[in-house]
Amino acid sequence: MDFKKAEEMLELCESNGISISQAMKMRECSKFETTEEDILNRMQQAWKIMKESAISPTKTAVKSMGGLIGGEAKKLNDHRMAGGSIVGNLMSKAITYSMAVLEVNASMGLIVASPTAGSSGVLPGVMLALQEEYNISDDKIIDGLFNASAIGYLAMQNATVSGAVGGCQAEVGVAAAMAASAATELMGGTPKECTYAASTVIMNMLGLICDPVLGLVEYPCQNRNASGAANALIAAEMSLSGITQMIPLDEMLDCMYNVGRRLPVEFRETAKGGCAITPSACKLCDKCF
Amino acid sequence: MSSISVFDVLGPNMIGPSSSHTAGASSIAYLAWKMAGGSIKHVDFTLYGSFAETYRGHGTDKALLGGILGFKTDDTRIRDSFEIAKKMGVEFQFTTNEIETDVHPNTVDIHIITGDNKTLDVRGESIGGGKCRIVKIDNVPVHFTGEYSAAIIVQKDMPGVIKHIASALSDRDINIAFMRLFREGKHERAYTIVETDSSLPEELKDAIMENKYVEDVMLVQI
């Protein structure tokens with residue numbers, strides 16, 4: 001049992017009356033000769049690491065290796081706790097937790113690449129915010145992670161999730177598409193609606209370049225993870241309200257890949273363009289190490 | 001391309017900040033540690049390309065040293081690998097080679113002196129998403145990834161050695177996933193790399209060593 005395109009995945013879901021998370025679990029068990037119990041255990045371990053990395057920096061600020069970031073998650077958390085949030089609890093938590101994971105990552109802490117280290121905040125951020133705001137059980141969240149991995153798998157299979165190949169749209173863009181699809185399933189959306197949400201995110205983050213200051217996975221990566229989390233919630237909200245997309249996910253992934261390959265090399269993780277060569281970023285070059 | 005698993009998407013579980021510059025680096029050194037039989041007295045790392053340019057900010061040095069101490073990619077001790085290596089009496093050195101550019105951008109050469117004074121040279125490449133491959137052993141081009149358990153056999157290039165290796169595996173009901181032979185020249189030193197679907201028992205080493213042309217056997221268990 002396998003699928004290589006979103007279209008095939010949707011057919012499989014529809015003909016068997018199953019969710020995307022179930023389809024992905026079935027694929028994993030059949031392709032890799034493993035049991036559902038085994039993959040659930042592994043996913044529980046991943047979720048445990050995700051949660052820990054999303055929460056700890058909200059309490060204690062962590063300084064990054066390169067020194068460009070640290071303490072952002074705590075600021076956001078304190079701001080919300082003090083009643084100052086202007087975007088409401090769900091959005092505030094999603095961006096707080098997303099930024100938190102990047103703090104852990106940048107300080108050599110333990111994270112789950114989802115799908116990459118540089119985009120590892122988006123999915124945990126959105127999942128944990130939803131869990132807390134809507135009292136969703138860990139078991140349901142783990143289903144959400146399988147749903148998300150189906151979208152990530154389709155991107156890896158048919159496009160790329162590497163910033164060096166396709167820019168930030170391939171990393172944070174795909175991470176956000178994964179989170180949007182998972183959020184849609186968790187909040188009662190159909191498989192098709194999940195792919196609409198994913199498609200929307202790829203569209204909204206299309207063309208985003210990868211331009212890390214000093215070449216480090218810190219800045220603007222951490223900001224972009226927050227932006228990815230927000231984009232995921234926007235797309236899920238749209239899809240759950242019944243808005244459909246005329247460009248299906250398969251076409252959006254092809255489109256993203258095409259755009260990515262056409263990006264000049266300066267905008268693909270080389271730290272030779274974009275934010276990385278602004279005067280303020282260049283001033284840091286001598287100081288950082 | 002091999003099939004993509006759920007845990008290739010959500011994974012690896014890793015010490016940050018970069019799957020290629022941190023997790024992939026530690027995986028290369030971890031494989032080298034296994035190949036050296038887990039005993040390291042001295043290690044020199046030579047970094048190329050992007051590894052050479054950005055290793056400090058990505059903790060590539062800590063990750064490499066952690067790997068050579070036997071720490072996996074998700075081991076939080078990687079952060080403190082310098083202190084741990086010093087405590088364990090493992091000597092280490094990092095140099096960069098920014099002159100040689102005709103290599104994969106994330107390449108490292110690892111020169112090891114083992115506890116029993118043998119030397120081992122390994123070149124590894126970090127190829128993205130935490131994945132890596134070993135591309136040279138003692139200057140001979142090879143190829144294996146560490147995704148499977150592997151036996152690396154150093155032998156003289158003579159008739160019958162491969163048959164002997166295959167029989168030893170078959171006698172133990174071990175299925176071969178991939179098998180490759182690399183040699184310096186006809187009747188010179190050769191390397192056989194066998195990747196298998198199941199784990200490899202320690203006594204397999206002795207069984208393969210029974211052939212007079214086999215010089216050394218390294219088992220890399222996953």
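The centres of domain 1 and domain 2 of chain B, taken over C-alpha atoms, are 25 Å apart. Domain 1 covers 6-138 and domain 2 covers 149-220, with bounds that come from an automatic or database domain assignment. This is a predicted model, in which local features need pLDDT of at least 70, side-chain atom pairs count only at pLDDT 80 or more, and totals for chains, interfaces and linings use all residues. Residues are numbered from 1 along each chain as its sequence is written, while chains are lettered from A and ligands numbered from 1 in the order in which they are written.

- Four residues from domain 1 of chain B and four residues from domain 2 of chain B make the contact (C-beta atoms, placed from the backbone, within 7 Å).
- On the domain 1 side, helix α2 (residues 19-35) of chain B gives the most, with three residues; helices (H or I, at least four residues) and strands (E, at least two) are DSSP runs, numbered from the N terminus.

**The sheet**

- Four strands of chain B form an open sheet in the order β9-β10-β8-β11, with antiparallel pairing (strands pair if DSSP finds at least two bridges between them).
- β9 (176-183) and β11 (214-220) of chain B stand at the edges with a single partner strand each, so one side of each has no neighbour in the sheet.
- Strand β8 (residues 149-156) of chain B is joined to β11(B) by six bridges, and I153(B) has V217(B) as its bridge partner in β11(B).

Technical notes. Two residues are in contact if their C-beta atoms, placed from the backbone, lie within 7 Å.
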